Amino acid sequence: MSNEAVIQHGAGTHEVHGDHHEGHHHHETFITKYVFSQDHKMIAKQFLITGIIWALIGGAMSVLFRIQLGYPEATLPWLEDIFGHWAKDGRITPEFYYALGTMHGTILVFFVLTAGLTGTFANLLIPFQVGARDMASPFMNMLSYWFFVLSSVIMLSSLFVQTGPASGGWTVYPPLSALGDATQGSKIGMDLWLISMAMFVVSSLLGGVNYISTILNLRTKGMTMTRMPLTVWAILFTALLGLLSFPVLLSGFILLLFDRHLGTSFYLSDIVLAGNILPNEGGSAILYQHLFWFLGHPEVYIIILPTMGLVSEVMSVNARKPVFGYMAMIASMFAIALLAFLVWAHHMFVTGMNPFLGSVFVLLTLLIAVPSAIKVFNWLTTLWRGNLHLTPAMMFCIGFVSMFISGGLTGIWLGNSTLDLHLHDTYFVIGHFHIVMGVSAFMGMFAGIYHWFPKMYGRYMNNTLGYIHFWITMVCAYVIFWPMHYEGFAGMPRRYYDYSNWESFKQFVELNKVISFAAILSFLVQILFVFNFFYSIFKGRKVTTKNPWKSNTLEWTTPINPGHGNWPGEIPEVYRWAYDYGKDGVDHIDQITPIGENESKEGH
Amino acid sequence: MTWTEYFVIIIVALIFIVVFQIAKASEYVSVLKGEKKAFQQNNRINAFLMLVFLVLGLAAAWWCNSLLYDKTLLGVPAASDHGEEIDNMMWITLYITGFVFVITQVLLFWFAYRYQTTETRKVHYYPHNNKLELLWTVVPAIALTVLVAFGLYYWYRITGEAPKEAMEVEVTGHQFGWEYRYPGKDSILGRQNYKLVDAAKQNPLGQDWADVANHDDLHPSELHLVVNRPVKLIIRSQDVIHDVGLPHFRLKMDAVPGIPTTMWFTPKITTAEMRKITGNENFVYEIACDQMCGNGHYSMKGIIVVETQEEFDKWMAEQKPQYNLAKPEVASKAAPGAENNKDLVLAQ
Ligand code: HEM
Ligand SMILES: [Cu+2]
Ligand SMILES: [Cu+2]
């Protein structure tokens with residue numbers, strides 16, 4: 001099949017048509033092809049589809065708790081029909097509300113925007129774009145996916161235990177998460193949460209090691225590091241961040257398990273719970289927060305860096321213009337990755353930390369805004385005097401930049417400890433991180449999906465639905481999260497089940513209705529996207545040319561439906577960087593075209 | 001489920017199907033019309049929408065502000081000295097980030113519109129320019145330095161040592177409420193041990209009765225503060241992490257079991273004055289728990305009353321030490337001379 005595609009579209013490409021490809025047609029069964037697959041393309045699709053399923057579950061949870069927040073008085077019998085005593089008399093109970101919020105956060109941050117996102121694009125793009133037949137260790141790659149599945153199954157099972165899933169917030173701070181008597185969700189649900197997350201860390205590490213070694217070792221001839229597309233650079237930094245910080249998180253979780261079951265006092269001290277005096281003394285609840293945020297902060301960059309890479313690449317292709325400041329983009333990602341390890345305590349300004357320590361973290365935190373600003377200006381300059389092809393993918397790139405600006409700027413508020421005194425744990429923080437991380441990352445991910453869908457499935461997604469998807473998502477995202485900053489200005493705390501008994505916070509009744517309505521609408525539009533996705537896999541318009549976006553990167557030199565091993569025949573050699581768009585008036589020059597004799601020296 | 005609910009589901013499903021069919025049809029149409037034409041048309045429409053989004057978006061932001069401004073604390077003066085500084089910092093930050101926000105968003109959407117593809121457009125091959133990179137490294141760095149400088153100046157003032165004359169009050173959080181302890185006449189908060197906590201024996205804060213300093217400690221149900229008099233809160237938790245959130249004072253501090261924290265400020269506006277300022281008869285200063293602490297987190301409220309010295313003294317005179325409740329037999333005898341008692345115990 002792959003062979004035929006090459007012949008059909010081979011004209012003008014530079015592959016060496018050898019007979020080597022025969023070797024790649026090994027015998028495949030359904031199980032080895034679709035289930036325990038070791039092909040990076042299939043694993044990418046597995047991650048993506050698992051991520052989509054998780055996103056639907058996590059999104060539906062947010063719809064449920066937004067119903068509570070928007071319509072706290074309403075009694076909806078259908079809720080009780082579905083959720084039984086969790087929604088007694090048609091009202092979501094506080095236990096349920098907090099479980100929903102906790103699971104929503106965990107699922108979206110880890111299962112969707114970490115595993116779903118990096119798992120998909122690292123697996124899809126690394127071998128394709130560096131010119132490798134597959135990952136360095138396809139077997140470990142497969143394990144990485146199946147650990148993710150295992151982790152998913154455990155997390156899912158925690159939803160069905162009698163006392164419910166974890167409910168102390170996605171950060172699961174002890175002592176709340178350490179003591180089963182402190183809240184229902186800290187009983188068996190919390191153990192399942194911790195075990196699931198431990199499996200998740202294993203999955204991330206297996207994936208990360210593989211991504212790094214593939215990028216460092218399996219680049220094709222001529223693919224120097226500084227010729228790699230920014231997607232690959234971004235994934236490299238992401239993987240390094242994960243590799244260095246996930247183990248710390250795991251250690252924090254293990255100590256928490258010890259405190260829960262072995263009577264240790266790492267995080268516990270001086271506790272009287274419901275009249276019971278606990279024996280634990282000398283532990284520090286704050287220690288956990290240090291361990292958690294030592295991952296937690298890099299984690300937010302683990303989420304956003306890959307999308308920065310995707311956006312840079314897709315934007316350049318669709319602007320028909322090189323990404324501006326390629327080296328500066330790499331340098332700023334490096335700076336972000338480095339600083340990401342040095343700012344974690346900005347989540348802890350009000351824990352009673354030493355003010356001097358706090359001030360060091362203020363400095364380092366605001367420092368991280370510099371490379372972020374560089375990236376934004378570089379994206380703007382990439383658009384400037386381009387020839388913009390506003391495909392759905394490109395639309396999402398522009399949406400990404402808009403969101404990243406909005407959310408990055410509010411980060412500067414929060415990073416200033418003086419302001420954080422007022423804004424910490426209010427809706428301002430919810431607004432900040434949903435815009436800069438939640439929505440931005442989703443926009444970047446959508447850009448990636450729309451752009452590489454033809455490579456994954458050999459078909460296009462429906463354009464019109466893509467535009468509808470973009471516009472409604474964009475408008476709803478701002479309608480939902482922009483006004484939340486105002487709730488923050490009123491000091492309105494996050495993680496409240498009901499505000500009606502508060503003189504200070506009860507004035508936002510109508511606003512909360514509007515927000516909930518927009519949230520439900522945007523969820524419906526995401527369902528439309530999922531429809532489009534699955535429908536297009538089977539019924540989408542077929543791709544008829546190898547390089548539909550006229551892109552320079554290597555994946556578009558493979559056949560439309562590449563087989564195992566990606567390139568029939570030899571892997572092409574690379575002669576230039578990935579961003580020669582519009583050079584010397586030529587629309588695009590792909591990476592496998594040697595430098596012409598009369599070509600100008602400009603560029604990279 | 002009720003009929004209306006079925007109805008809503010059916011309507012939503014219908015809308016879905018209609019949208020889906022339209023989208024499919026438009027794909028066929030574009031194939032008929034020719035890919036290129038359809039592509040150009042999509043570009044024109046969406047580029048125009050980008051501009052519309054920019055204009056309507058900025059207008060909507062303005063509108064949102066006018067609708068919500070009065071519901072926030074932006075227009076309400078901070079009720080503490082630190083709060084005033086925090087408000088200053090907020091306006092400085094707002095001016096700088098607001099400026100950057102408008103410039104960058106306008107450029108982004110304007111470029112998206114302006115440089116939409118046309119048959120004749122020639123792109124400008126512009127891979128890098130180190131001067132520009134330097135420019136937008138240095139300028140943000142300077143702006144951020146300004147913010148850091150102001151921020152840390154205020155931060156050190158706010159987190160610095162409390163003045164000597166500050167009144168000390170202990171605030172203790174537990175699921176799901178707050179307890180307050182005043183040091184009483186001796187101005188000393190007595191010794192405490194969590195192992196002594198026993199609500200049944202009228203000792204909810206684990207006060208060590210062997211310490212005489214405890215005998216006059218008061219345990220009222222509201223937190224009363226004196227206007228213009230600095231107060232230092234000593235913040236504890238008995239079970240999980242809570243947080244003393246004071247929106248009107250613009251402050252907050254975690255309550256961590258085993259690790260007491262502190263926070264000080266000077267209230268500037270009495271509750272009565274704030275009622276006038278906000279025009280809200282029912283206004284009260286609320287302590288909102290700002291750290292997820294369990295299923296009752298959202299109801300973990302405390303009340304602060306800021307009043308004049310006279311009002312405060314009057315209120316204080318009505319309070320009875322907790323010791324009287326815990327040890328009624330001893331307390332009634334010892335009551336007249338708590339100070340003498342203290343010397344006695346110290347001598348032992
Ligand atoms: C300009 C750069 C940024 C700065 C200065 C910044 C600063 C901060 C600070 C200080 C907080 C803590 C707020 C609080 O809890 O009181 C925070 C929260 C958060 N930020 Fe950012 N941020 C920036 C960019 C980002 C980016 C790019 C992401 C993600 C992609 C992100 C994700 C988050 C998340 C998830 C939280 C909240 C975590 C939680 O408490 O649940 N931030 N940010
Ligand atoms: Cu952070
Ligand atoms: Cu709380």
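**Figure 1. The contact between chain B and chain A in the predicted model.** The contact takes in 113 residues of chain B and 132 residues of chain A, and the structure shown is a predicted model. About 10,800 Å² of area is buried between chain B and chain A. Carbon and sulfur atoms give 68% of that area. Three residues, B:Tyr125, B:Tyr194 and B:Tyr298, supply 8% of the area that chain B buries against chain A, more than any other three residues.

**Figure 2. Salt bridges and polar contacts between chain B and chain A.** Three salt bridges are found across the interface of chain B and chain A. One of them joins B:Lys195 to A:Glu281, with 2.9 Å between the closest N and O atoms. Between the two chains there are also 43 residue pairs in polar contact. On the side of chain B that touches chain A, the elements giving two or more residues are helices H1 (3–33), H2 (35–68), H3 (81–114) and H4 (130–159), together with strands S6 (251–255) and S8 (285–289) of chain B. Helix H4 of chain B gives the most to this side, with 16 residues. The residues on this side of chain B divide into 64 nonpolar, 32 polar and 17 charged.

**Figure 3. The copper ion (ligand 2) and its histidine donors.** Three residues coordinate the copper ion (ligand 2): A:His297 through ND1, A:His346 through NE2 and A:His347 through NE2, at 1.8 to 2.0 Å. Along the chain, the donors follow the spacing H-x48-H-H. The pair A:His297 and A:His347 links distant parts of chain A, as the two residues are 50 residues apart. A:His297 belongs to helix H9 (residues 285–319), whereas A:His347 lies in the loop between helix H10 (326–339) and helix H11 (355–367). A:His297 counts as buried because its relative accessibility is 4%, under the limit of 20%. A:His347 has a relative accessibility of 22%, so this residue counts as partly exposed.

Figure 4. A:His432 is part of helix H15 (residues 427–457) of chain A. A distance of 4.6 Å separates the iron atom of ligand 1 from the copper ion (ligand 2).

**Figure 5. The surroundings of A:Thr238.** A:Thr238 is located in helix H8 (residues 230–261) of chain A. With a relative accessible area of 2%, A:Thr238 is buried. Not counting residues up to four places away in sequence, A:Thr238 touches A:Thr118, A:Ile302, A:Leu305 and A:Pro306.

**Figure 6. The surroundings of A:Ser372.** Helix H12 (residues 369–383) of chain A contains A:Ser372. The relative accessibility of A:Ser372 is 12%, so this residue counts as buried. When neighbours within four places in sequence are left aside, A:Ser372 is in contact with A:Ile336 and A:Phe404. A polar atom of the side chain of A:Ser372 lies 2.9 Å from the backbone oxygen of A:Ile368. From C-alpha to C-alpha, A:Ser372 and A:Pro559 are 37 Å apart in space, and they are separated by 187 residues in sequence.

Technical notes
Residues are numbered from 1 along each chain as its sequence is written. Chains are lettered from A and ligands numbered from 1 in the order in which they are written. This is a predicted model: local features need pLDDT of at least 70, side-chain atom pairs count only at pLDDT 80 or more; totals for chains, interfaces and linings use all residues. Side-chain values use heavy atoms; hydrogens and water are left out. Donors are N, O and S atoms within 2.8 Å of the metal (3.2 Å for Na, K and Ca); water is not among the atoms, so sites may look incomplete. Helices (H or I, at least four residues) and strands (E, at least two) are DSSP runs, numbered from the N terminus. Buried means under 20% relative accessible area, exposed over 50%, partly exposed in between (1.4 Å probe, protein chains only). Contact means heavy atoms within 4.5 Å. Buried area is the accessible area (1.4 Å probe) that two parts lose on being put together, summed over both. A salt bridge is a side-chain nitrogen of Lys or Arg within 4 Å of a carboxyl oxygen of Asp or Glu. A polar contact is a pair of N or O atoms within 3.5 Å; within protein, one must be able to donate a hydrogen and the other to accept it, and residues adjacent in sequence count only if both atoms are side-chain atoms. Ala, Val, Leu, Ile, Met, Phe, Trp, Tyr, Cys and Pro count as nonpolar, Asp, Glu, Lys and Arg as charged, and the others, Gly among them, as polar.
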